[in-house]
Amino acid sequence: MSTYKIPVGPLHVALEEPMYFKVEVEGETVTGLDIQAGHVHRGIEYLVAKRNIHQNIVLTERICSLCSNSHPFSYCMALERIGGIIVPERVEYLRVVADEIKRIASHLFNVAITAHLVGFDTLFMQVMETREIMQDTKETIFGNRMDLGANRIGGVRYDLDGEGKAYLAAQLARMKAPLDEFRDLYETNGSFLRRTKGVGVLPRADAIRLGLVGPVARASGVDYDVRRKAPYVVYDRLDFDVQTLADGDVWSRTMIRLREVKESVRIIEQCLRDIPEGPISIDAIPEIPAGEAIAKSEAPRGELIYYLRTDGSDKPARLKWRVPSYNNWKGLQVMMAGCKVADIALIVGSIDPCISCTER
Amino acid sequence: MSFFLPVLLRNLLKGPSTEAFPFGEAITPKKLRARISFDPDSCALCRVCARICPAGAIQFEKKPDGLEFNLWHNACVFCGLCALYCESEGLHSTNDWHLSHLQSEKYDLVERATVKFQKCTKCGKQKMPAPLPLMAKLYPGLPADEIERLRAMCPQCRKAETAPAEGEPS
């Protein structure tokens with residue numbers, strides 16, 4: 001059988017984001033993979049050094065749409081660490097609520113896309129319709145379907161009054177029945193299982209060797225979640241389970257996300273119950289002295305690390321971040337070895353890649 | 001199959017879950033961040049908005065009698081930072097998202113107004129305006145007519161006016 005190379009991408013591999021794969025195949029079996037990045041590099045690390053610390057909250061929010069809250073959230077935590085700012089307790093709860101709402105929307109999007117990639121478009125639409133509940137919630141509470149604008153230095157920009165809390169609780173309640181139905185369907189539907197079970201397997205040892213994070217690593221049995229290992233804001237006070245599965249295939253990665261959606265619903269409900277009264281921001285616009293700090297958070301795709309260095313001016317001297325997708329790309333080489341050409345898009349989609357994050 | 005039968009039935013009864021826009025109303029939440037509105041009477045010309053706008057959509061231009069405020073809606077990213085940091089409440093995020101327009105109208109989609117400098121009623125020097133919402137924050141508890149009198153003065157005269165007299169506890 002002859003060996004040849006086929007180009008996959010840069011457009012429409014799994015999502016409408018550009019990444020170029022040079023796939024070596026023997027017949028219909030993948031034998032090698034080369035990934036070429038750089039199609040959506042916008043130079044944001046340079047741009048943040050040209051804007052002041054407040055403008056950068058908006059700029060970092062627009063690095064990526066699906067994890068658009070994790071970026072400004074981590075950035076604000078880094079700034080607050082340098083400035084020695086202690087945020088009010090109510091703010092910490094409100095930040096968790098915003099982050100978990102984004103996680104639900106992000107995970108459901110990937111779960112839906114997986115259904116679409118196996119050709120199960122009816123299911124895709126049902127999941128997207130359920131995800132729409134969260135989109136409406138974001139629009140109603142925060143004012144935008146993707147960019148929440150929830151964070152500011154030393155606080156948040158939104159509040160939940162009695163009416164807001166009741167609305168959010170009702171929206172979460174509406175999610176529960178469909179989520180259970182989806183879980184049963186993804187666990188038992190024959191055509192879905194045949195396309196995803198045992199496909200794109202990433203063994204635990206490889207996940208650790210390549211430093212994979214997030215749901216991709218947890219689906220391979222790596223019990224690592226920043227919210228548990230290095231709790232920030234109030235995650236140490238909230239009761240939630242870190243989901244892990246052992247198989248490391250496309251199906252496990254989908255199920256991890258579906259289960260994490262349920263955990264996020266639980267987390268938000270606890271926040272609504274426990275949130276104390278108080279201010280939603282510190283009083284003054286803070287001045288940030290010279291210094292450096294690192295902030296970590298668990299973005300929907302995994303561990304997000306922000307490094308910030310300031311020089312006492314209102315512009316960051318250096319802002320650098322490592323996104324979870326950056327690590328996870330490496331996993332594709334293991335997952336795709338020996339897979340069929342028809343599964344390439346499905347496996348790419350299963351790591352929930354965020355290309356605009358990776359390339360910023 | 002057992003999952004999709006009720007779904008099918010529900011969809012038949014309920015109709016499409018998408019919004020009928022443009023043939024019907026699109027749901028618009030009250031808090032939606034959309035078009036920014038500007039009230040020149042509540043502008044203190046502090047220009048924090050121009051400094052904070054991440055998109056550079058807000059610009060001030062010098063005019064003989066004041067400063068012209070320009071907000072380019074097509075450059076705006078609807079983050080609402082300007083409204084958040086506007087202490088004098090001159091900028092507001094509205095939920096009006098109807099911004100579609102013809103290509104030929106693209107340079108007309110501007111929020112534009114000239115905020116005029118004023119003359120201090122005491123010393124007669126030219127001064128920046130002191131809008132009511134800002135003054136109400138600065139002098140809480142003062143009667144309305146007293147605030148009106150103070151805000152017609154320049155900061156120096158205002159300070160002199162409000163400083164406690166010698167020997168009087170502040």
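Guide: Contact here means heavy atoms within 4.5 Å. Please keep in mind that this is a predicted model.

Visitor: Which residues does C67(A) touch, not counting residues up to four places away in sequence?
Guide: C67(A) sits in the loop between α2 (53-61) and α3 (70-83) of chain A. Leaving aside residues up to four places away in sequence, its contacts are A299(A), P300(A), R301(A), C354(A) and C357(A).

Visitor: Is C357(A) buried or exposed?
Guide: C357(A) belongs to helix α14 (residues 355-359) of chain A. Not counting residues up to four places away in sequence, C357(A) touches I63(A), C64(A), C67(A), H71(A), W321(A) and V323(A). Buried means under 20% relative accessible area. Because its relative accessibility is 2%, C357(A) counts as buried.

Visitor: What relative accessibility does C67(A) have?
Guide: The cut-off for a buried residue is under 20% relative accessible area. C67(A) counts as buried, because its relative accessibility is 3%.

Visitor: How are α2(A) and α3(A) oriented?
Guide: Two packed helices are described by the angle between their axes and the distance between the axes. The axes of α2(A) and α3(A) come within 8 Å and cross at roughly 150°. Angles over 145 degrees count as roughly antiparallel. Therefore α2(A) is roughly antiparallel to α3(A).

Visitor: How many residues of α2(A) are buried?
Guide: The buried residues of α2(A) include H54(A), Q55(A), V58(A) and L59(A). The helix α2(A) is mostly covered, and the number of buried residues is nine of its nine.

Visitor: Which strands form the edges of the open sheet in chain A?
Guide: The open sheet has three strands in the order β6-β7-β8 (chain A), with antiparallel pairing. An edge strand of this sheet pairs on one side only, and the edge strands are β6 (291-299) and β8 (316-322) of chain A.

Visitor: How far apart are the end C-alpha atoms of residues 287-360 of chain A?
Guide: UniProt, in an unreviewed entry, places the feature "domain: NADH-quinone oxidoreductase subunit D" at residues 118-283 and 287-360 of chain A. Residues 118-283 of chain A are 57% helix and 2% strand. Residues 287-360 of chain A are 34% helix and 34% strand, with end C-alpha atoms apart by 27 Å.

Visitor: With which side chain does the side chain of E68(B) make a polar contact?
Guide: E68(B) is found in strand β3 (residues 66-72) of chain B. E68(B) is buried, with a relative accessible area of 12%. The polar contact of its side chain, at 3.2 Å, is with the side chain of N70(B).

Conventions
Residues numbered from 1 in each chain as written. Chains lettered and ligands numbered in written order. Predicted model: local features only at pLDDT ≥ 70, side-chain atom pairs only at ≥ 80, totals over all residues. Heavy atoms only, no water. Pairing = 2+ DSSP bridges. Helix = DSSP H or I, 4+ residues; strand = E, 2+ residues; numbered from the N terminus. Buried < 20%, exposed > 50% of the residue type's maximum accessible area, 1.4 Å probe, protein only. Polar contact = N/O pair within 3.5 Å; in protein donor to acceptor, adjacent residues only side chain to side chain. Axes fitted to C-alpha atoms, helices over the stretch in contact; angles between N-to-C directions. Parallel < 35°, antiparallel > 145°, perpendicular 65-115°, else oblique. UniProt positions renumbered as here; feature names shortened; annotations may be inferred.
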